[in-house]
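Dear colleague,

I am passing on the model we spoke about, with the sequence and coordinates placed just below. My notes on what was found in it follow, and I would be glad if you read them against the structure.

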Number of protein chains: 2
Amino acid sequence: MSASLQTPATTVRRLPQRASYDAETIHRILDEALICHAGFVLHDRPVVIPTIHWRDGDRLYFHGSPASGLLRNLRNGVQTCVTVTLLDGLVMARSAFHHSMNYRSAVVFGTAAEVSDREEKLRALDALVEHVCRGRSKDVRPPNEVELRQTLVLSLPITEASAKIRTGGPVDDEEDYALPIWAGVIPLNLTPAEPVTDARCSMEVPEYAARYGR
Amino acid sequence: MSASLQTPATTVRRLPQRASYDAETIHRILDEALICHAGFVLHDRPVVIPTIHWRDGDRLYFHGSPASGLLRNLRNGVQTCVTVTLLDGLVMARSAFHHSMNYRSAVVFGTAAEVSDREEKLRALDALVEHVCRGRSKDVRPPNEVELRQTLVLSLPITEASAKIRTGGPVDDEEDYALPIWAGVIPLNLTPAEPVTDARCSMEVPEYAARYGR
């Protein structure tokens, strides 16, 4: 068991048996997910924006143009809630009521800060490329000074977080098991298809793209 | 071109060439997605929760236990922002800076209301089963009176919304095209695997599960 990230804000009240506050469990979900949904409050209204996140140790990173609404707001130190969800399957019960989904989700609360140190910023942007596609960072042209200035990197400590996980088959009311209704799980996976090489590129598809996986 | 759902709140300011306010475009994204991320403000802090949504006409529906934190808050008429994102591919450019993702996202702002009319509620719950798996609703045991009472259904008008879409290959700086770096797209799809029949079920896998698709 790694560190617990349970706080009053992260305590799961509904179906608490599905909850986990274990840092390693939460990190694994964050690492597998390619996108997150980040929420912030703007003029008293909630705003939820999809973006790429990545993790390094116990920090979650985000990046984008300094003109991005999400980045501009988070940079100003407003509270955020970052949620990622991995959908693993459709759970088909005999009753409509007991239909469900298998999923792994993680919620992180906190306040992001700008990464202004040049070395940390370069390291973070390298880790981003590796997060999206392991093996890719050694091949790409790294950011130049203009691009570095055009990229805002924010980091958020992963100290207040929770995971919620459902696995397994349908759970029906006892009397419904006798009904002649198919029940089971349709597993779902985010699957890569064959890479499509850019029309202006004559290089062979590298192994990390041809055999892409998470 | 169907109705425009553009309002000041939904106007996309960053990369506006990727934005759409066309109701049909937004509906298609909402219909394909199996989950959304709903945001609301609780004690001045943003909260983002994954949940199932479904659409009927120009209304978006949600459901859950009356004990659910998300449902309890939305039922009270607080503002919400509901965002869905479909990830279509990883865009690998020659430079780290121009790496991107292909995606289709939709953002809906508004205030939800409880569906208390019994007929509308039953119709909505039927539409939910069909949203998740077309053809399934005719097979399942429908909700009984106790289950109906235990299920809160909320509806949100889809009147203030936007979509954002990126498609296509990498766009590199002109001088980078000469670099010996592979560039292209790794397409991603949410793919169903073979259904796993429940241990206590002896029925054959129905066509809609065996050939599940969206």
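In strand 5 of chain A, the residue opposite H53(A) is F62(A); strands here are DSSP runs of E with at least two residues, helices are runs of H or I with at least four, and both are numbered from the N terminus. Please bear in mind that this is a predicted model, in which local features need pLDDT of at least 70 and side-chain atom pairs count only at pLDDT 80 or more, while totals for chains, interfaces and linings use all residues. Residues are numbered from 1 along each chain as its sequence is written, and chains are lettered from A and ligands numbered from 1 in the order in which they are written.

Strand 4 and strand 5 (residues 59–64) of chain A are antiparallel and are joined by four bridges, where pairing requires that DSSP finds at least two bridges between two strands. They belong to an open, antiparallel sheet of four strands in chain A, with the order 4-5-9-8, and its edges are strand 4 (53–56) and strand 8 (113–114), each of which pairs on one side only. Helix 3 (residues 118–132) of chain A packs on this sheet and touches strand 4, strand 5 and strand 9 (152–157), its direction making about 115° with that of strand 4; axes are lines fitted to C-alpha atoms, for helices over the stretch in contact, and angles run from 0 to 180 degrees between N-to-C directions.

Elsewhere in chain A, strand 10 pairs with strand 7 (residues 100–111) in the antiparallel sense over seven bridges, with A106(A) opposite A163(A).

As for the two chains, 77 residues of chain A are in contact with 76 residues of chain B, contact meaning that the C-beta atoms, placed from the backbone, lie within 7 Å. Strand 11 of chain A gives the largest share of the side of chain A that touches chain B, namely nine residues. Strand 11 of chain A is also joined by two bridges to strand 12 (residues 196–197) of chain B, the two running antiparallel, and G184(A) has T197(B) as its bridge partner.

With best regards
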